[in-house]
Amino acid sequence: MVTVSEEDVEKELKLHDQLDLVLVLAIGSSPAPHLVVQKRAVLISKLLGVDSEAEPYYYGPYSETITEKLQDARNATLFRRRGDGKYELTLMGMRAYELLMKRLAVEKGEDVPRFIETLHRMSEDELLALTYHLFPESFEESKIKGKVRVMIERFKGKGLVKAKREGEKIVLEVDA
Amino acid sequence: MSSEESEKKVEEIDASISIQVPKTSLKIELRFKREKLVLQEDVKIGEAKVFRSSEGWLLVRYDDKTKKLFYAFLDKKGRLREMGEL
């Protein structure tokens, strides 16, 4: 049985840049299609302060750099593209994912890795709606803006979060 | 023009301009009703932040272009429950 020690993972991680590691976090423990990996990576990189070089494109924020990294042979130790087009982590990639989640919990607090796990449970449609909503410039080039706007409208005014201005600050009241 | 002449001209100018310093962050206050918890946070332009509540996650992002705060609430199963902006 092939095993990967933590020392091996540490060595491997040193060979990659921050965006490679964001992709490991974006793919996670179950295979995901390109669009899903892109959107998760855009969100995770924003949370972690990593530049994903994403720009508005036909199907929401898109990063050519991420696409190149997903295809880069130097990253084949961490993830690969399967026959059905989905991306999955290698054994080394899985160990790297576990280690990165532990590191994030220490460096950024427990909430960040737990939120990333929640992100992995999102449906493709809702993930798309979320990225368009948080990055409204995504509508500029979009070919699916009508469909996405309808999706976003469905989630407005539900009463769980109320926003108001109080002087210079914005107050968000959360009832959930 | 000599530097002496230049200085004289500057002294003669009786006008002023005001430069508005662009905001680099936005103050937000989060009031989690169920936990009876209030948080004060600064959200930098373009940055996204996430906060945990009893039922899920509140995501916020301050967009520079529209000068709006965009927010979304996700439950723990990863289902969108609310989206809005101000």
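Q: Which residue in β2(B) stands opposite Phe32(B)?
A: Phe32(B) stands opposite Leu37(B). Strands here are DSSP runs of E with at least two residues, helices are runs of H or I with at least four, and both are numbered from the N terminus.

Q: What kind of model is this, and how are residues numbered?
A: It is a predicted model, in which local features need pLDDT of at least 70 and side-chain atom pairs count only at pLDDT 80 or more, while totals for chains, interfaces and linings use all residues. Residues are numbered from 1 along each chain as its sequence is written, and chains are lettered from A and ligands numbered from 1 in the order in which they are written.

Q: In what sense do β1(B) and β2(B) pair?
A: They pair in the antiparallel sense, over eight bridges. Two strands count as paired if DSSP finds at least two bridges between them.

Q: What is the strand order of the open sheet that contains them?
A: The order is β5(A)-β6(A)-β1(B)-β2(B), so four strands form an open sheet with mixed pairing. β5 (161-166) of chain A and β2 (37-44) of chain B stand at the edges; each has a single partner strand, so one side of each is left without a neighbour in the sheet. From one strand to the next, the twist averages 25°.

Q: How many bridges join β6 of chain A to β1(B)?
A: Five bridges join β1(B) to β6 (residues 169-174) of chain A, and the two strands run parallel. Leu30(B) in β1(B) is the bridge partner of Leu172(A).

Q: How many residues does each chain bring to the contact?
A: Chain B brings 39 residues and chain A brings 33. Residues are in contact if their C-beta atoms, placed from the backbone, lie within 7 Å. On the side of chain B that touches chain A, β1(B) gives the largest share, seven residues. By class, that side has 18 nonpolar, five polar and 16 charged residues. Nonpolar means Ala, Val, Leu, Ile, Met, Phe, Trp, Tyr, Cys or Pro; charged means Asp, Glu, Lys or Arg; the others, Gly among them, are polar.

Q: Changing topic, how many residues does helix α5 of chain A have?
A: Helix α5 (residues 91-108) has 18 residues. Its first and last C-alpha atoms are 25 Å apart, close to the expected 26 Å, a span given by 1.5 Å times one less than the number of residues.

Q: Which residues of α5(A) are buried?
A: They are Gly93(A), Arg95(A), Ala96(A), Tyr97(A) and Leu104(A). A residue is buried if 20 or more other C-beta atoms, placed from the backbone, lie within 10 Å of its own; with 12 or fewer it is exposed, and in between it is partly exposed.

Q: At what angle do α2(A) and α5(A) pack?
A: The angle is about 95°, with the axes 9 Å apart. That makes α2(A) roughly perpendicular to α5(A). Axes are lines fitted to C-alpha atoms, for helices over the stretch in contact, and angles run from 0 to 180 degrees between N-to-C directions. Roughly perpendicular covers 65 to 115 degrees; under 35 is roughly parallel, over 145 roughly antiparallel, and the rest oblique.

Q: What residues make up that contact by class?
A: The contact of α2(A) with α5(A) has six nonpolar, one polar and no charged residues.

Q: How many helices and strands does chain B have?
A: Chain B has one helix and six strands, in the pattern α-β-β-β-β-β-β. Of its 86 residues, 26% are buried.

Definitions and conventions: Contact = placed C-beta atoms within 7 Å.
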